[in-house]
Amino acid sequence: MKAIVVPEFGGLEVLQLKEVPTPRPAAGQVLVRIHAAGVNPYDTYMRNGTYAIKPPLPYTPGSDAAGVVEAVGEGVTKVKPGDRVYTARTLTGAYAEYALALESQVHSLPPNITFAQGAGVWVPYGTAYHALNQRTKARAAETLLVHGASGGVGIAAVQIARAMGLTVLGTAGSDKGLELAKREGAHHVFNHTKPDYREQILKTTGGQGVNLILEMLANVNLGHDLKLLATHGRVVVIGSRGDVTITPRDIMSRRGSILGFTLWSITEAEDKEIHAAILAGLENGTMRPIVGKEIPLAEVARAHKEVLEPGSYGKIVLVP
Ligand code: NAP
C-alpha cells in the first residue's frame, strides 16, 4: 500500500510517499481501508519534532481517518468488514491507503456523513465537545467566544454550542471564514485581524464580557482574553504556539479561571461519552463537519503548509 512515511523529524521535505507492506489485523485489531484522512495542526508539530509526543521513527502521521473496515482480527465484535467507520487514533497512521487500529479506536460513521467529513470528526469534535461539556460544563444562556472559529475545532465548537443554547461569538481572519462561522451558528462574528475587534466584542456583551472563551492561539491572545471575561469567566486554552505575558490581576478581579487540556489526556469514561455524543450529533445534524479542501495524499506537503496558513475554512483532508 501507499503511505506517507516520516523517517526523521524535520520540515516538509521529510514527508515521503512510499510503498509499504499492508498491515494485517492481529487479535483485537481492525484494518480500515482509508477514503480520507484529516490533517490537524498537531500533525505538523509532531513531524517537526516540537510536539510533546514524539513517535518512534520512522512513522506514518495522522489520527483522524474515515473509511471502510477491510478485515478484523480475532475477537473483534464492534465492527465487521464493510462497515463505514471513522478513526480516533490508529496504530499505524492515517496518512495511508490502509490503517490498523484497535477495536476501541474505530467508531461507526453514519450514512449521512461523507468519508471526507468523517476525516474531520475526531480531533475537532472530540476537542470541542470536551472543552464545552467536560472541561468547563458550559450551560445554555452563557456567552461564549470561540477565538478562532473558522478552523476545524472552532467550527465544531460553534455548532455544538449553538445547539446547546449558548450565545456564540466567533472570530476569523477572512471574510470567507467569518461567513462560515456565521452560517454554522455564530450569533456574532468579528475579524481578529482588525485593531478594534476586542472592543466590538465587549460592546456586543453590553460591557459585561463573555462567560467562556475557547482559545485557539493563546500565545497571541491570552493576555487580552482575560480582559474580555465576565465575572467568574473562564478561558480554555486549546491551542498555543509559544509564550505569552498576562496580567494576573485581570483574573483576580473577575474571579476568573484559565483552564487547559490535551485530547490525549482524556479518561476512558470521557472518551466513551464523547463518541456517543458525536454519533448522536452526526446523526441528528447538529455536528456537520466542514471540508474546506481535499488534497491528494501525494501532495501531503502542501496540506501541512496550508493547515498553518491564515484563511482557515473548516478541514483540510487527504485523499489516498
Ligand atoms: P485550524 O483548522 O488550522 O484553525 C486555526 C484557527 O485559528 C482558525 O480559526 C484561525 O482563523 C484561527 N486564528 C488564526 N490567527 C488567530 C488569532 N490571532 N486569534 C484567534 N484565532 C486565530 O486549527 P484547529 O484544528 O481548529 O486547531 C486550533 C488550535 O488548537 C491549533 O493550534 C491546534 O494545534 C490546537 N488543538 C489543540 C487540541 C488539544 O487537545 N488541546 C486539540 C485540537 C487542536 P483564520 O485562519 O480565519 O485567521
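**Note on the ligand site, helix packing and backbone of a predicted model**

1. A polar side-chain atom of S312 lies 2.7 Å from an oxygen atom of the ligand, a polar contact being a pair of N or O atoms within 3.5 Å; within protein, one must be able to donate a hydrogen and the other to accept it, and residues adjacent in sequence count only if both atoms are side-chain atoms. The model is a predicted one, in which local features need pLDDT of at least 70 and side-chain atom pairs count only at pLDDT 80 or more, while totals for chains, interfaces and linings use all residues. Residues are numbered from 1 along each chain as its sequence is written, and side-chain values use heavy atoms, with hydrogens and water left out.

2. The ligand is surrounded by 27 residues, each with a heavy atom within 4 Å of it. The closest are S150, H192, N221, L263 and S312. In the side chain of N221, an N or O atom is 2.8 Å from a nitrogen atom of the ligand. V307 contributes a backbone N or O atom, 3.3 Å from an oxygen atom of the ligand.

3. Helix α3 (residues 122-135) and helix α4 (residues 152-164) have axes that come within 8 Å and cross at roughly 45°. Helices here are DSSP runs (H or I, at least four residues) and strands likewise (E, at least two), numbered from the N terminus. Axes are lines fitted to C-alpha atoms, for helices over the stretch in contact, and angles run from 0 to 180 degrees between N-to-C directions.

4. The contact (heavy atoms within 4.5 Å) involves, among others, Y125, Y129 and L132 of α3 and V153, I160 and M164 of α4.

5. Helix α3 also meets helix α9 (residues 268-284): their axes come within 10 Å and cross at roughly 110°. This angle makes α3 roughly perpendicular to α9. Residues in the contact include W122, Y125 and H130 of α3 and E270, D271 and I274 of α9.

6. The peptide bond from L57 to P58 is cis, with omega near -10°, and P58 is placed in the loop between α1 (41-47) and β4 (64-72). A141, in the loop between α3 and β8 (143-147), has a positive phi near 80°. Most residues other than glycine have a negative phi, and most peptide bonds are trans.

Key: Parallel < 35°, antiparallel > 145°, perpendicular 65-115°, else oblique.
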